[in-house]
Amino acid sequence: MKVGIDTFGCDNGRSGLGAYLMSLVPSLPIDKGIEFELFGPEIDRYTYNGDKSFNFSSVKVPDSLALERLWHAFKVNSFGKKMNYDIILYPAGSRILPVNFKIKSVAVINDIVSNLFKNIDDSWYRRRIRKGLCKVDCIIAVSEYIRKDLEASGITCSNIQVIHNGIDHSRFYPGNSIETDSRTVDIKPFAIKKPYLIYASRLADDKKKHIELIRAFTLFKQRTHLPHRLVLAGSEGSYGSVVHKEAGASSASSDIFITGYFPHNYFPELYHNADACIFPSVTEGVGLSVMESMACGLPVACSSSGALREIAGDNALYFDSDNIEDFASAIERIVTDTELRTRLSEGGIAFAKKFSWQQTAEKTVELLKSVYEK
């Protein structure tokens, strides 16, 4: 069985979808009965393999999401047949997906589709993704919350399976990084002053709640006068200018650090040296940063929306992202309540052990086999 893995739509590893593929591919088992091959833009040739040596086929399409979608609409099936793929895995299934499938296919959904359909004006895109998801042989929903959302959104695919994302426990584990200067974290080109709170998420839209976080952090600083900084680590997106403007207008602006794109390889050190992970997004179907923070023993305070309760259980302090008073109180509590911090840290470490990329990869391969053999 030859499996083609589509890297289009994964932002060259610089987004949550990219992080998913960067974690999944190196965890795929070397199986004599299965041949994996990645295909996508040439820039992705060395992005996702890790220490594996899977083949990569470069596809010449201009760097444009619209043109990449057109290629998938009209050429991906003929390309797949030319490459002798028996089945194709589409990791960015909510962004790029053909409508008709001449090769057996599995789409991975990391997003809350109802929000995408509601917030994106491109009706052509909405219609095609909806049709594609209804026709694809199987959908992998990365949380039960996403599975229910797909069904509520009218996605009639008869085979939707939940396979949770994993955690790389060789990188995300309890412990503290050794720093030459205990007051700063030196992750070139950044030097981040401690103590700090971390929110790792792309500056994508208002549902990520960066504005509310800045306002709650400002109130927290006004109330407590504690020395903590707020680190916003994530790629610039369409909402970036709004976030920068809000941060600049805050009375705590000197304590707000917006990093822009932050390499995923450096996140363990960022988590180890933080005081807490604050995660206010209300559109999370995954919450990978929450999972990784828990694995590192970092106390987590997060929104009660989306899939976050599913992936954090009783091991996070939940708050209403739109209630700035409640939000600020949650920040203060997770910073100052020693007993709470200990409970969340210990519980998070134990809970995070349920998730691993090896397990995710094994379940994904078994599903691919079952679809192929049907």
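**Ground rules.** I number residues from 1 along each chain as its sequence is written, and my side-chain values use heavy atoms, with hydrogens and water left out. Because this is a predicted model, local features need pLDDT of at least 70 and side-chain atom pairs count only at pLDDT 80 or more, while totals for chains, interfaces and linings use all residues.

**Entry 1: H7 and H12.** I started with helix H7 (residues 210-224) and helix H12 (residues 324-336); helices here are DSSP runs labelled H or I of at least four residues, strands are E runs of at least two, and both are numbered from the N terminus. Their axes come within 8 Å and cross at roughly 60°. The axes are lines fitted to C-alpha atoms, for helices over the stretch in contact, with angles from 0 to 180 degrees between N-to-C directions. That makes H7 oblique to H12 (under 35 degrees is roughly parallel, over 145 roughly antiparallel, 65 to 115 roughly perpendicular, the rest oblique). I get a right-handed crossing for H7 and H12; right-handed means the near helix is turned clockwise from the far one by less than a right angle, left-handed anticlockwise.

Which residues make the contact (heavy atoms within 4.5 Å)? On H7 they include Leu-213, Phe-217, Phe-220 and Arg-223, and on H12 they include Phe-327, Ile-331, Glu-332 and Val-335. Sorted by class, the contact of H7 with H12 has ten nonpolar, two polar and five charged residues (nonpolar is Ala, Val, Leu, Ile, Met, Phe, Trp, Tyr, Cys and Pro; charged is Asp, Glu, Lys and Arg; the others, Gly among them, are polar).

**Entry 2: Glu-332.** I picked this one out of helix H12. Buried or exposed, or in between? Glu-332 counts as partly exposed, at 29% relative accessibility (buried is under 20% relative accessible area, exposed over 50%, partly exposed in between, with a 1.4 Å probe and protein chains only). Leaving aside neighbours within four places in sequence, Glu-332 is in contact with Phe-220, Arg-223 and Thr-224.

**Entry 3: H10 and H13.** Next I checked helix H10 (residues 288-295) against helix H13 (residues 338-352): the axes come within 7 Å and cross at roughly 110°. H10 and H13 are therefore roughly perpendicular to each other. The crossing is left-handed. Met-291, Met-294 and Ala-295 of H10 meet Gly-348, Ile-349, Phe-351 and Ala-352 of H13.

**Entry 4: Ser-289.** I stayed in H10 for Ser-289. Ser-289 is buried, with a relative accessible area of 7%. Beyond neighbours within four places in sequence, Ser-289 is in contact with Ala-200, Tyr-271, Cys-277 and Phe-279.

**Entry 5: cores.** The largest nonpolar core has 65 residues, and Ile-198, Leu-232, Leu-270, Ile-278 and Ile-331 touch the most other members. A core is a set of buried Ala, Val, Leu, Ile, Met, Phe, Trp, Tyr and Cys residues joined through side-chain atoms within 4.5 Å.

**Entry 6: Gln-161.** Last, I looked at Gln-161 in strand E7 (residues 160-162). Gln-161 is partly exposed, at 37% relative accessibility. Skipping neighbours within four places in sequence, its contacts include Cys-138, Ala-141 and Leu-367.

Technical notes. Contact = heavy atoms within 4.5 Å.
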